[in-house]
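Here is a brief report on selected side chains and helices. The structure comes first, then the notes.

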Amino acid sequence: MHSSTFSILKILLSGKNSIKFLLGIVLSFSFSITVILATIGIMDGFDVALKKGLRKAEGDLKIQYRGGFFELEQIEDKLDLHPISEITGIVRSEAFLISKDRSKGIVLRGVEPDSFNEVTKFKLELVENDIVLGHELLAELGLSIGDEVVIVFASGRGDHEQLPTLHRFKVVGDVSHGIYEKDLRYAYVNLTYIQKLFGLENQINQILLNVEGAQKIDSPAVFEKITTLGETIEDQLNGLYRAIPFWIEYGGLIEAVKVEKVSITIVLQIVVVVSIFNVLAFVMFLGETRSKEIFLVEALGISKKVMNRAWVLLLCGIWGLSCFVSFFLVEITDYGLQNLSMLELPGDVYTVSKLALFLEPKYYGIVFLISLVWVLVISAVTLYRMSRKEIIQGLRQEFS
Amino acid sequence: MNLIEIKDIKKNFGSTQVLRGINFKFSEGEHWVLTGSSGSGKSTLLYLIGGLDTASSGKIFVENKDLSLLSDEVLANYRNKFIGFVFQFHYLLPSMNCMNNILLPARIGGVVEGPVKDHIMCYAERLGVEKLLTKYPYQLSGGEQQRINLLRAISLRPKLLLCDEPTGNLDSTNSQIVVKLLKELSLELGATLLIVTHDENVAGNFSNRIKMVDGRLVQ
């Protein structure tokens, strides 16, 4: 830095009050930037957490036969043509779970543990009449591992088809999907066992599969790949099967969050504007308290260009420092969201109960850039104000 | 060679004409005093020569260079290195001690401080203010402040010393001391001296005198 610019900065920032004010400004500006970054991060974090939860429970693609039950072998040869890394067949049914004096409608999934675990990354171990309940379901019904529950299916068979059938299961564990509704409604039993109960032999009513090379949860290319594969499979199976990408179940919510992210980011510009007024106040404070110095150094040989450079450097320094501090504030917010119980979301309202900020570098770039634009606007106003007065006028006014 | 040549300088403040066509020149090493009553335009002329203000029309040549054609940076450098200002109200910064006030031109001009400090210390002793350099301006008397002001003006060995009512706030004894110092210092430094004053006693110390009345030079 040019020594004369440095001298001016030293003069402008001399005194404890200026430094205290400067620190306050940096904190308030960085806080405003953090608010915007954290909001975007929470929105994207919600999006990622929701998709992770859905993918955990559903795999990449869900295939269901429009006619009800079917055998995997019927379409296996056609699915083999595609880049599918893991696949599992399940029986999905709705039922009632009765425990002690309470009952609740649930989604029961009959799964073959080995292949299901590969697709979903769960670690289910289910034999015979074992049942694994969603984490919230277990808690809401006040059940513990080892308890027995009764599952009520809609109708019986043969002579009893007008009556429900009841089957006893033993709770052997609980799972967390990361999505509140699924944790509250889902239960898992052994596929072979449920097929035997329903008399289905090898039949299933859903296939869950993962697509090769589609690990990244937030990549648009991955979404495109899964969507395209689903459409190809539907075409290949003559429209008799529906291929549903994992995010479709909450597609409306995901879309709404995306729209909300944009609108909230725009609204939150107000926060930046408020802190920019603080920066402006600081500039005015310096302009007033250091006006003697400013006019005198100009009289003694500082050019307008150097003076302007000093102001721009000062304001850009405030911006840079604020961005730096906001980076750490974002990290602290993220830590708080993940570790402080007071910051946990009510899952029944927000679907996911735990969030982590998810911020792509481009969002840092955009938010920092927008705040820089504001700072440059302030710089322009400041320089305009400064250039309006002749040196000698300023000297006489300030020293009189 | 003329150090300064002023050609038909006019200066207006709104509809008020303060300078009405000034023509004047002076050479290197000369001592001049410019007198006139309050509001006659003498300080305005001084600040135009010093590059602190711009003329409405006319030209000022410094070593044959037209001041109005100098860039902002060259003009700033001219104020910093070529000119030494002695202001009536001292214009010492209250937030800095005297030494820092004196070193201000060197600092903003990016000049190495060591030799400047040696030069200042030498003259501070002569002016009897060497013990005041660590004090703040508000701790000094008017005469002492003016001597610090003088030290700041000569700190970078300027070619032209411009003094605006340098004795305006001083009693007659201190006035004579300051005038004597100005003459001695400018002689030693080989600097041209231009003093603006309304005090006839001060003006009496100089043989080169001009008078300004209503924005015009009359003698």
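## Aromatic pairs

The model is predicted. Searching the whole structure gives 24 aromatic pairs over all chains. One of them joins Tyr65(A) and Phe70(A): the ring centres are 5.9 Å apart and the planes meet at 70°, so the pair is edge-to-face. An angle over 60 degrees is what that label requires. Tyr65(A) has 28% relative accessibility and so counts as partly exposed. Phe70(A), at 0%, counts as buried.

Phe324(A) and Phe328(A) also pair edge-to-face, because their planes stand at 75° with ring centres 5.1 Å apart. Both sit in helix 12 of chain A, 4 residues apart, which means about one helical turn between them. An α-helix has 3.6 residues a turn, so residues three or four places apart point the same way. Phe324(A) is exposed, with a relative accessible area of 52%. Phe328(A) is partly exposed, at 43%.

## An enclosed helix

Helix 1 of chain A spans residues 3–12. Of its 10 residues, 7 are buried, so the rest of the structure largely encloses this helix. The buried residues are Ser4(A), Thr5(A), Ser7(A), Ile8(A), Leu9(A), Ile11(A) and Leu12(A).

What covers them? From chain A, the cover includes helix 2 (16–58), helix 10 (269–289), helix 11 and helix 12 (304–339). Chain B contributes too: helix 3 (98–108) of that chain is part of the cover.

Glu293(A) lies in helix 11 of chain A, residues 291–299. This side chain is buried yet has no salt bridge. Which side chain of opposite charge is nearest to Glu293(A)? Arg290(A) is, at 4.2 Å.

Contacts of Glu293(A) reach both chains, leaving aside neighbours within four places in sequence. Ile11(A) is the partner in chain A. That residue is one of the buried residues of helix 1. Leu93(B) and Ser95(B) are the partners in chain B.

## A nonpolar surface patch

Phe96(A), Ile98(A) and Leu166(A) form a nonpolar patch on the surface. Together they have about 280 Å² of accessible area.

Ile98(A) belongs to strand 2 of chain A, residues 84–99. Its relative accessibility is 32%, so Ile98(A) counts as partly exposed. Patch residues need over 30%.

Conventions: Residues are numbered from 1 along each chain as its sequence is written. Chains are lettered from A and ligands numbered from 1 in the order in which they are written. This is a predicted model: local features need pLDDT of at least 70, side-chain atom pairs count only at pLDDT 80 or more; totals for chains, interfaces and linings use all residues. Side-chain values use heavy atoms; hydrogens and water are left out. Patches are made of residues with over 30% relative accessible area and no salt bridge: like charges are joined within 9 Å, nonpolar side chains (Val, Leu, Ile, Met, Phe, Trp, Tyr) within 5 Å. Accessible areas come from the Shrake-Rupley method with a 1.4 Å probe; for residues, only the protein chains shown count as cover. A salt bridge is a side-chain nitrogen of Lys or Arg within 4 Å of a carboxyl oxygen of Asp or Glu. Helices (H or I, at least four residues) and strands (E, at least two) are DSSP runs, numbered from the N terminus. Buried means under 20% relative accessible area, exposed over 50%, partly exposed in between (1.4 Å probe, protein chains only). Lys and Arg count as positive and Asp and Glu as negative; His and the chain ends are not counted. Contact means heavy atoms within 4.5 Å. Rings of Phe, Tyr and Trp (its six-membered ring) pair if their centres lie within 6.5 Å; planes under 30 degrees apart count as stacked, over 60 as edge-to-face and the rest as tilted.
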